Amino acid sequence: MSSKLTVTFLSKHLLNKIGDARRLCVAFSGGLDSSVLLAGLAELRDKALPDIELRALHIHHGLSQFADDWVAHCQTFCQQRDIPFSVAKVQVDAQEGGIEAAARTARYQAFAESLTAGEVLLTAQHLNDQCETFMLALKRGSGPAGLSAMSGDSSTHGYRLLRPFLELSREQLEEYAKQLKLCWIEDDSNRDARFDRNFLRLDIFPALYQRWPHFAQATARSASLCAEQETLLDELLSESLTSLTDEQGSLSVERLKAFSAVRRSALLRRWLASRGARMPSREQLQRIWDEVALSREDAQAQLVLGKMVVRRFRGRLYVLPERRSLKDQILCWDPAEKLTLPDGLGCLIADHVLIAQGADCLIRQPRAGEKITVRFQVQGYIEKVGRDRARQAKKLWSELGVPPWERGRIPLVYYNDQLMAAPGWFITRQSRAENNEAQWRIIWSAA
């Protein structure tokens, strides 16, 4: 299937792939592929590029009884080559799309948390892995984006990721490892054909490679052609996507209606990708258009994509992270202290300085027997200062232009059970001072 991989060739190959990157972190499982990658980079550092800052990161999934033994092996491997080594332990939730998908998600999350500024992650997926990825995408009915398989140089996870071995076969890597007498781990789970990737590797590909020795290379070419097509579409649709998107990243439904269904779907996919959402299936994409984009304005329709939600408000589509409900939270507050709000919403501060904001931002201080609480849900009618009559809470939020998903995340200041203010949004008639009562203003700070 492939020519022999020599030490000299691998060093030149890696030098070409890393370019000017010098701060390198290798995802090191201890298996054959990552062992060759780490040993090859150490050789390059020692013989040609002493300015390379090389380290190894091992992800401890805790799924195998041998997991601790693998950590010990990896540590020894690194010590022998003077490579800094660290371990990141992760929790794998099999309900997140199965063990394979959940483990992959946990790994990339750990990488994002462990990498330092300017550091490049390198993983050791090779030509045969690329072929497997293509076939799994084919099985799922993916389009050109999915069939593009893995990129050799990407930043889709929020950091730069290099895969320098995508043009090299497992056979080549194994020959190299034997040549250098490397020791590596054989993961026992790799023999379990219940997992899709292992099923292909164990039961399907041996026959394909025997019949067509260059099947992996041909598949990689197809993946590359799909990637080129996607890149071209990105360029052709870039201007349209920019014109449809506002500063908040929301998408105009009305302007999307002017496009053909095919072009609209392509634009929606690229918009979702730009917002970090998981790629939808064809059925999900159609539901986004039919059930969310074309829904009644007051329907509050939504569609969940992984940990993101697609919603509509005032003729625009939004992609938002799923958020936990705060409606049952009641926070007691001593205004002498800063109040830290839940879920990263910042803090509240009581400011006694009576200048700089104007009377419409001031509320009276609590009277005897009034306790201050902060809540996140209001129902019924609100008598907002500046309005001649009370308005239903839902209608008031709508008049203020607050999207439905943000209304339950605005802190509401109560004296006992009476709403006084939504800092930064409004104060109520009941908050006005009488007979020269002391006043203050409540500041909602995002910091």
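**Ground rules**

I number residues from 1 along each chain as its sequence is written, and my side-chain values use heavy atoms, with hydrogens and water left out. As the model is predicted, local features need pLDDT of at least 70 and side-chain atom pairs count only at pLDDT 80 or more, while totals for chains, interfaces and linings use all residues.

**Aromatic rings**

I searched the whole structure and found eight aromatic pairs. Rings of Phe, Tyr and Trp (its six-membered ring) pair if their centres lie within 6.5 Å; planes under 30 degrees apart are stacked, over 60 edge-to-face, and the rest tilted.

I looked up Phe28 and Phe77: their ring centres are 5.1 Å apart and their planes stand at 45 degrees, so I noted the pair as tilted. Phe28 sits in the loop between strand E1 (23-27) and helix H2 (32-47), and Phe77 in helix H3 (residues 67-80), 49 residues apart, so this pair links distant parts of the chain. Helices (H or I, at least four residues) and strands (E, at least two) are DSSP runs, numbered from the N terminus. Both Phe28 and Phe77 are buried; buried means under 20% relative accessible area, exposed over 50%, and partly exposed in between (1.4 Å probe, protein chains only).

Next came Phe313 and Trp405, with ring centres 6.0 Å apart and planes at 80 degrees, so this pair is edge-to-face. Phe313 belongs to strand E9 (residues 308-313) and Trp405 to helix H14 (residues 404-407), so the pair ties together parts 92 residues apart in sequence. Phe313 counts as buried at 9% relative accessibility, and Trp405 does at 11%.

I also noted one aromatic cluster, formed by Phe205, Tyr209, Trp212 and Phe215.

**Charges over rings**

Back at Phe77, I found the charged end of Arg81 over the ring, 3.8 Å from its centre. The charged end of Arg375 sits over the ring of Tyr414, 4.4 Å from its centre. The test is that NZ of Lys or CZ of Arg is within 6 Å of the ring centre and within 35 degrees of the ring normal.

**A helix contact**

How do helix H9 (residues 215-244) and helix H11 (residues 261-274) pack, and at what angle? I read an angle of about 85 degrees, with the axes 10 Å apart. Axes are lines fitted to C-alpha atoms, for helices over the stretch in contact, and angles run from 0 to 180 degrees between N-to-C directions. H9 and H11 are therefore roughly perpendicular (65 to 115 degrees; under 35 is roughly parallel, over 145 roughly antiparallel, the rest oblique).

The contact (heavy atoms within 4.5 Å) includes Leu233, Leu237 and Leu244 of H9 and Ala266, Leu267 and Trp271 of H11.

**Single residues**

Gln130 has its place in helix H5 (residues 127-139) and is buried, with a relative accessible area of 6%. Leaving aside neighbours within four places in sequence, I found Gln130 in contact with Ser148, Ala149, Met150 and Leu166.

Arg255 is in helix H10 (residues 253-256) and is partly exposed at 46% relative accessibility. Not counting residues up to four places away in sequence, Arg255 touches Ser243 and Leu244.

Which phi does Arg314 have? I noted a positive phi of about 50 degrees, although Arg314 is not a glycine. Arg314 lies in the loop between E9 and strand E10 (316-321).
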